[in-house]
Amino acid sequence: MACSSSLLSPSSSILRPSSFRLLESDEDSFSEPKPDESKTRRSMARWATSLGVGRTFCVSLLLFVLFVSLALHFSLGPGSVSPEWIARRKLDAALKVSSAMNGSYFNPSANFSFVHISKGAGSTFIRLLKSAPLDVCPRSEAGREHSAWYQHQVACKDANYHMVSLRSPRHHVWSLFTQCKYGPWGKRVTNGTNFPNSGNEVECEECDETDFDRWLESFLPMGPDKERYYNCYHPANYQSRALTSHHVNPHGVDNHQHRPNLTLAEETYRDFDFVASADFVHESRCLLYYRLGPDAPANTVSYLNTACNCNNQSGVDDVHVSHHALGHRATLRDLPPRTLSKIENLTQIDTEIYITALKDFIARIAWLESKSALGRRVLCDSILEKWEPELAYLNLSVTELYNGVRKELQRL
């Protein structure tokens, strides 16, 4: 018996996952050529009949061939798809950014909730929101480091807009450690524990590297017996735990959730009205101030006009809230490979979330620079040069991301 025509039809949902349908239409010049449907059915029917096999076997074999074909297609990497297909996907992404951002303004008279993920520049952004001035919850720059759920449902439940900032996981984990070692609060809560500390009164880069490696090692391999955190911070996927936990302060691990649910973390991330980047504070500030719209406070309008321009940054004021003087490093990529590997093991979910957030953020900055918004450069070459090597561990190029989206937006 020949295979059913409904199973062999190119429009069948079995053969065409929904993710491909957006690229296929009669007008779509990038669509792959469709096979001769009737010829395919007749050939399969003759082949099945000659071998004496039935419909079930035929369908099973067809699905197996389809599976292998798709697996090969995706495993071969970027070179396995046509440049036209890649260009179409980039253009689709640019269109989505443009349509989502155009005319999308915040009401500056509303209440803004900013979820302060520990060591994610939350104190800095809360200070900026207050100085705008905007009505922000919480008002305190420290100590109100709630989970997203707790802040949405309890602490700032009446807010009109919800915001958060995310940070490169490698740099975030280092900051967690140095806060525990050098910050006044960190010194107090780790006192009496066996927190790795070979001295925290003077600058000692070698000591920091050794203590940091020992600290990371104490949480590996992740499991129920590695949940102590010296009364300070547990570094295992801290940012995604803050997005998924129901705890008031997610400093430690709840219910052995070292690896939070990625889908839930992504859904929470998508629910925010604004996601800033702790690694690009100035650029986040420009984007936020622009989105306050025509009724934006005078302070924010002034900053947009005098600071958000790579050709003239006379008005830039480097607002940065620091909780300790020691332990800061200009780069982290030069840490020992064994140490970097431990960070990677502890932040796999955070890394997935951050890559998504970074791509979205870069796309929005490129939109801000487009003719639809400011029409001038905001993310300057010097900043790209700084972060290009530091973020290379994510297996992406922040410069290529930026240039790619800018190019597509210029085509719109």
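User: Helices (H or I, at least four residues) and strands (E, at least two) here are DSSP runs, numbered from the N terminus. With that settled, where does P133 lie?

Analyst: P133 is in the loop between α6 and β2 (135-137). This is a predicted model, where local features need pLDDT of at least 70 and side-chain atom pairs count only at pLDDT 80 or more, while totals for chains, interfaces and linings use all residues. Residues are numbered from 1 along each chain as its sequence is written, and side-chain values use heavy atoms, with hydrogens and water left out.

User: Is the peptide bond from A132 to P133 cis or trans?

Analyst: Cis, with omega near 0°. The bond joining C137 and P138 is also a cis peptide bond, with omega about 0°. P138 sits in the loop between β2 and α7 (148-155).

User: And what's the phi story at Y230?

Analyst: Y230 has a positive phi of about 60°, although it isn't a glycine. You'll find Y230 in the loop between α10 (205-217) and α11 (238-244).

User: New topic: how many cavities of 30 Å³ or more are there?

Analyst: Three. A cavity is a set of points on a 1 Å grid over the protein atoms alone where a 1.4 Å probe fits but cannot get out, and lining residues have an atom within 4 Å of a point. Points are joined across faces, edges and corners, and a volume is the space filled by probe spheres set on them.

User: What lines the largest cavity?

Analyst: L166, V275, A276, S277, Y354, A357, L358 and F361. The elements giving two or more residues to that lining are β4 (274-277) and α16 (348-369), and α16 has the largest share, four residues. The volume of this cavity is about 40 Å³.

User: How many of those lining residues are nonpolar, polar or charged?

Analyst: Seven nonpolar, one polar and no charged. Ala, Val, Leu, Ile, Met, Phe, Trp, Tyr, Cys and Pro count as nonpolar, Asp, Glu, Lys and Arg as charged, and the others, Gly among them, as polar.

User: What about the second largest cavity, which residues line it?

Analyst: F125, L128, L129, S284, R285, L288 and Y289. Its volume is about 40 Å³. α6 (122-131) and α13 (281-290) each supply at least two lining residues, with the largest share, four, coming from α13. By class, that lining has five nonpolar, one polar and one charged residues.

User: OK, how do α13 and α16 cross?

Analyst: Their axes (lines fitted to C-alpha atoms, for helices over the stretch in contact, with angles from 0 to 180 degrees between N-to-C directions) come within 10 Å and cross at roughly 60°. α13 and α16 are therefore oblique to each other; under 35 degrees is roughly parallel, over 145 roughly antiparallel, 65 to 115 roughly perpendicular and the rest oblique. The crossing is left-handed, as when the near helix is turned anticlockwise from the far one by less than a right angle, clockwise being right-handed.

User: Which residues make that contact?

Analyst: E283, S284, C286, L287 and Y290 of α13 and F361, R364, I365, W367 and L368 of α16, contact meaning heavy atoms within 4.5 Å. They divide into seven nonpolar, one polar and two charged.

User: And how does α16 pass α18?

Analyst: In a right-handed crossing. The axes of α16 and α18 (residues 398-411) come within 9 Å and cross at roughly 45°. K359, I362, A363, A366, W367 and E369 in α16 meet V398, L401, Y402, V405, R406 and L409 in α18. That contact has nine nonpolar, no polar and three charged residues.

Definitions and conventions:
1 Å grid on protein atoms, 1.4 Å probe; cavity = no way out; pocket = protein on both sides within 12 Å on 5 of 7 lines; lining within 4 Å.
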